[in-house]
Amino acid sequence: MEINLCYNCMAPKEGDGPCPRCGFDERTYEPSPYHLRPGTILAGKYLLGRVLSEGNSGITYISWDLNRSEKTAVREFFPLSITAGRDLDNRLNVTALYNKDDGKKFEEGKIRFAKIAYMLQNMNLAAGILPVREVLYSNHTIYRVSDFIEGWTLRDLCRRMPRERMEPVMVFGAVKTVLDALGNVHRRGILHLNINMDGIFVDLYGRGWILNLDTGERYMLDKFISVPPLSIPEDGIEMYLKKGAKGPWTDIYALCADLPFKGKNGGNVLRIFTGRFTDEGR
């Protein structure tokens, strides 16, 4: 049975023209050469669509669960930081491109990615963490399949607001579940260290979710990820010191530095959230 879905919203459509629901036209979509092509079927179960996001350690695609007939999100381990690429023969298999050292780092990173994926799979009822359905080994790499939640990144939501600022009640409502999620991963000895406005997702009910919780794609893979000095304004100074003491406070600082709200300055918010987090224990 042939399935013709929009690779942006996964709604049924006819022909090759724009999607009647969202207007997406796959004929004009130009994914990067290292992205899996829209229409790729993963493990015989998931039809991949366009890329939703990508970071140092992976690429996230919208996808369609062929068995359940519903949208999902697939995160692929693809470490750009060590110059990974696709096998030229089949355009599917992921490999480190240059030398044996990169190959070793790739395998080490894959193990860490898998470890965290399984941890997240056991945290499906935790607030602020996307439910993980399945961990797959395919194309010489690892995939994490999660529920797909409708909504916007914090940055996209902010852009919809006057002067790109949100009312405090909206921000605090979303951040509460994000704090709960960070508390859960911190108690398991994991740091995120890549909190930013594109990695915080707000659903249709105003709840916040952490995206790309690999987790800590810079911390867990820090042996081969280079961070340009002071290139990320959300980072605390410890991120740029060789002996900088990183901890839960680093994630909390980054979260508060990202808050685009109307009202008092971000320093007050930083003190409020840091105090709340410390009172609950790390």
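User: How many strands form the open sheet that includes β9, β10 and β11, and in what order?

Analyst: Strands of a sheet pair through backbone hydrogen bonds, in either the parallel or the antiparallel sense. In this predicted model, three strands form an open sheet in the order β9-β10-β11, with antiparallel pairing. Strands are DSSP runs (E, at least two residues), as helices are (H or I, at least four), numbered from the N terminus; two strands pair if DSSP finds at least two bridges between them. β9 (151-153) and β11 (208-210) stand at the edges with a single partner strand each, so one side of each has no neighbour in the sheet. Neighbouring strands of this sheet are turned by 30 degrees against each other on average, direction ignored. Axes are lines fitted to C-alpha atoms, for helices over the stretch in contact, and angles run from 0 to 180 degrees between N-to-C directions.

User: Which residue in β10 does Trp 152 stand opposite?

Analyst: Trp 152 stands opposite Val 202. Three bridges join β9 to β10 (residues 200-203), and the two run antiparallel. Helix α3 (residues 168-187) packs on the sheet, touching β10 and β11, and its direction makes about 35 degrees with that of β11.

User: Which residues have the most contacts inside the largest nonpolar core?

Analyst: A nonpolar core is a set of buried Ala, Val, Leu, Ile, Met, Phe, Trp, Tyr and Cys residues joined through side-chain atoms within 4.5 Å. Here the largest has 31 residues, and Met 119, Leu 120, Ile 129, Leu 182, Val 185 and Leu 255 have the most contacts inside it. Its largest share, eight residues, comes from α3. Leaving aside neighbours within four places in sequence, Leu 255 is in contact (heavy atoms within 4.5 Å) with residues including Val 175, Leu 179 and Ile 195. Another core, of 23 residues, lies apart from it, with Leu 42, Phe 78, Leu 136 and Val 145 among them.

User: Why is strand β8 described as largely enclosed?

Analyst: Buried means under 20% relative accessible area, exposed over 50% and partly exposed in between (1.4 Å probe, protein chains only). Six of the seven residues of β8 (residues 141-147) are buried, so the rest of the structure largely encloses this strand. Antiparallel to it, β4 (residues 70-77) is joined by five bridges, and β7 (residues 132-138) by six.

User: On what conventions do these values rest?

Analyst: Local features need pLDDT of at least 70 and side-chain atom pairs pLDDT 80 or more, whereas totals for chains, interfaces and linings use all residues. Residues are numbered from 1 along each chain as its sequence is written, and side-chain values use heavy atoms, leaving out hydrogens and water.
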